[in-house]
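Let's walk through a model together, one feature at a time. Have the viewer open as you read.

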Amino acid sequence: MRELMKAMVAWAAGYYSQRLSENVRAGLARKRLKAEEKGEEYTHGRRAVAPALVTRIQELQAQGLSVRKISKELVLPVYTST
C-alpha cells in the first residue's frame with residue numbers, strides 16, 4: 001500500500017509541475033503577443049530604464065543625493081534609482 005501511495009504522490013507532483021510549466025509558457029507567449037501588438041519589444045524581467053533617466057540619476061548621485069532623495073525628486077520607486 002505504501003508503494004502505491006508513493007507512486008500516486010509522485011504522479012500528482014509531476015502532473016502539477018507539468019501544468020505549471022505549461023501555464024508559465026502560455027503567460028509568456030501572451031505577454032510577447034501583447035508587446036508585439038503595441039509595437040514594443042518584449043523583455044523578460046525588469047524593464048529597461050530610459051537612457052535620459054539614467055543620466056539624470058547619475059547626475060543626482062554625483063551631487064551626493066541619497067537613493068531615497070533621488071527617487072522622491074524623480075517620482076520613481078526607490079529600487080528604480082539604485
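Predicted model: local features only at pLDDT ≥ 70, side-chain atom pairs only at ≥ 80, totals over all residues.

Q: How do I check the length of helix 1?
A: Helices here are DSSP runs (H or I, at least four residues), numbered from the N terminus. The expected span is 1.5 Å times one less than the number of residues. Helix 1 covers residues 2–38, 37 residues in total, and its first and last C-alpha atoms lie 54 Å apart, close to the expected 54 Å. After helix 1 comes Gly39, with a positive phi near 80°.

Q: And what does that check give for helix 2?
A: Its 12 residues should span 16 Å, and the end C-alpha atoms of helix 2 are 17 Å apart, so the two agree. Gly64, which follows helix 2, has a positive phi too, near 95°.

Q: How do I read the packing of helix 2 and helix 3?
A: Two packed helices are described by the angle between their axes and the distance between the axes. Axes are lines fitted to C-alpha atoms, for helices over the stretch in contact, with angles from 0 to 180 degrees between N-to-C directions. Here, helix 2 (residues 51–62) and helix 3 (residues 67–74) have axes that come within 10 Å and cross at roughly 135°. That makes helix 2 and helix 3 oblique to each other (under 35 degrees is roughly parallel, over 145 roughly antiparallel, 65 to 115 roughly perpendicular, and the rest oblique).

Q: Which residues meet there?
A: Contact means heavy atoms within 4.5 Å. From helix 2, Leu53, Arg56, Ile57, Leu60 and Gln61 meet Ile70, Glu73 and Leu74 of helix 3. By class, that contact has 5 nonpolar, 1 polar and 2 charged residues.

Q: Is Val75 buried or exposed?
A: Buried means under 20% relative accessible area, exposed over 50%, and partly exposed in between (1.4 Å probe, protein chains only). Val75 is exposed, at 70%. Val67, in helix 3, is partly exposed at 30%.

Definitions and conventions:
Residues numbered from 1 in each chain as written. Heavy atoms only, no water. Helix = DSSP H or I, 4+ residues; strand = E, 2+ residues; numbered from the N terminus. Nonpolar A, V, L, I, M, F, W, Y, C, P; charged D, E, K, R; others polar.
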